[in-house]
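Here is a short report on one protein model. It starts with a term, then turns to a helix, a sheet and the chain as a whole.

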Amino acid sequence: MIPSDGTLLTIAHRDFAELHGISPLGLVVQGLRINCLLPVDAFCTMGVRLTYGEDWSQRLCLSKRLKAALLTMLPAASVLAPMWEPEHWQAFGDGHRHWRPMLTACPECLKSGYHSMLFQIPWVDRCPWHRVSLTTQCTTCSKPLWQSIARDTPPLLCECGHDPVSAEAMLHEPGELIERRRTSLTRYMVWALASRARRDVFGLRDDPRAWDVLGTRLLGTRLAWHESGTPNRKVLARTSTVHHPAPLPSGECHEDLARIASETSQAKDFFLELPVSVEKSMRRVSASIASKFPPDTFTERERVFLGITTGSATPAERQPRPSVILLAAYRVKDRLFFDGRILSKSVQAVLQEICLALAEQPGDQSRIGGYLRAYERILSRGYAGAAYHALSKLASPSSPSTAAFWRPVVMVRRRKQTSRLTILWLRDRPPTTDT
Ligand SMILES: [Zn+2]
Ligand SMILES: [Zn+2]
């Protein structure tokens, strides 16, 4: 029972040495369950004040303040704290925190009230020691797990009556399971640390379907924590190698990149300044796309902007129409500008991600080289697709829309002498033939 002054000197808990890798949420759930307490008691017994309309996994795992409060009440839990840093679970050095925004758990682990921050990592889709798929829902009624924490019912007991936690399983975990868990987590941590040091990935953000292709297509290895299914979406893979040292990103160039990155992150309509190094490939793209159309498709002025230099006879002037001038990148003094609104939203998003990461790399020349090349490749291909579509509409406005909706995901792998880019183009939906 809780004393009337609202404090509790000790609560019973399991030996923390047996709970390797448990998350703050798992610890709180177990603490409440073992002591027959309710979520409403979480503050006075464990120091964490939470509301019931929020996902406790997110707050407990991500809030530094709540984790510190938990450790103040349960000092012995500090042996678990090194694994409470979301950064330690990341496998990429891109500076982005990859994290599932909703409580995700292994149904087998839940029986003992065990939850690990590993389960919130988006490329982990099965429990490495139970080998079952992770879930975000009640197995009986499909209600989101995070919603089964209410004021005055045992934590995680679902509204439908299904209780994923069993007191028996919680108190008597087999030693063999505890050992298997420790081994798997140690293996993951070693892998993640090594991977962070040499890999960055862009374009995965907030898209669970893209994570499916990560394990098989990007990482190229079978991971114990990933279900290697066959992705049922179209994937176009391109790889290329960038040699170090990359062609002179000078100090000045880095200042430009930092400015471009900050402007890109604020730009609402994606009217862009580009790194000057991409100018050549942008010109090549517009010229090569434009040359696929009959010579009389464009006015002379448009031909100049598009970089078609065949020098053929001037075709008759056509009816006035919306200008295609905005299509090509253009130079003002020593800066390069581009109307990025022509690009699909997913291409825009990835370019922004890379740009922000570029700005955060003050000294790492090899990284900058790899990122710049990835930026150039994605911009060029995204632009080629969009320009082809836009020019087709211009050449024959009544033609059906066949714009391809490919979204890029890119992994930059750094080695001593080279960076290796793997760019995947994922088709979100089949091409439509209707207008
Ligand atoms: Zn499990
Ligand atoms: Zn339920």
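A residue counts as buried if 20 or more other C-beta atoms lie within 10 Å of its own. Keep in mind that this is a predicted model.

**Helix α7**

By that cut-off, the buried residues of α7 are Arg181, Ser184, Leu185 and Tyr188. An α-helix has 3.6 residues a turn, so residues three or four places apart point the same way. Helix α7 covers residues 175–198, which makes 24 residues. From first C-alpha to last, α7 reaches 35 Å. That is close to the 34 Å expected at 1.5 Å a residue.

**The three-stranded sheet**

Three strands form an open sheet in the order β3-β5-β4. Their pairing is antiparallel. Which strands stand at the edges? They are β3 and β4, each with a single partner strand, so one side of each is left without a neighbour in the sheet. From one strand to the next, the twist averages 35 degrees.

The strands span these residues:

| Strand | Residues |
|---|---|
| β3 | residues 271–274 |
| β4 | residues 330–332 |
| β5 | residues 335–339 |

Strands β3 and β5 run antiparallel and are joined by four bridges. Here Phe271 stands opposite Asp339 in β5.

**The whole chain**

How many helices and strands does the protein chain have? It comes to 13 helices and seven strands. The protein chain has 435 residues, and 36% of them count as buried. Now take its contacts with a separation of 6 or more: residues 24 or more positions apart account for 67% of them.

Definitions and conventions. Residues are numbered from 1 along each chain as its sequence is written. Chains are lettered from A and ligands numbered from 1 in the order in which they are written. This is a predicted model: local features need pLDDT of at least 70, side-chain atom pairs count only at pLDDT 80 or more; totals for chains, interfaces and linings use all residues. Helices (H or I, at least four residues) and strands (E, at least two) are DSSP runs, numbered from the N terminus. A residue is buried if 20 or more other C-beta atoms lie within 10 Å of its own, exposed if 12 or fewer, and partly exposed in between; C-beta atoms are placed from the backbone. Two residues are in contact if their C-beta atoms, placed from the backbone, lie within 7 Å. The expected span of a helix is 1.5 Å times one less than its number of residues. Two strands pair if DSSP finds at least two bridges between them. Axes are lines fitted to C-alpha atoms, for helices over the stretch in contact, and angles run from 0 to 180 degrees between N-to-C directions.
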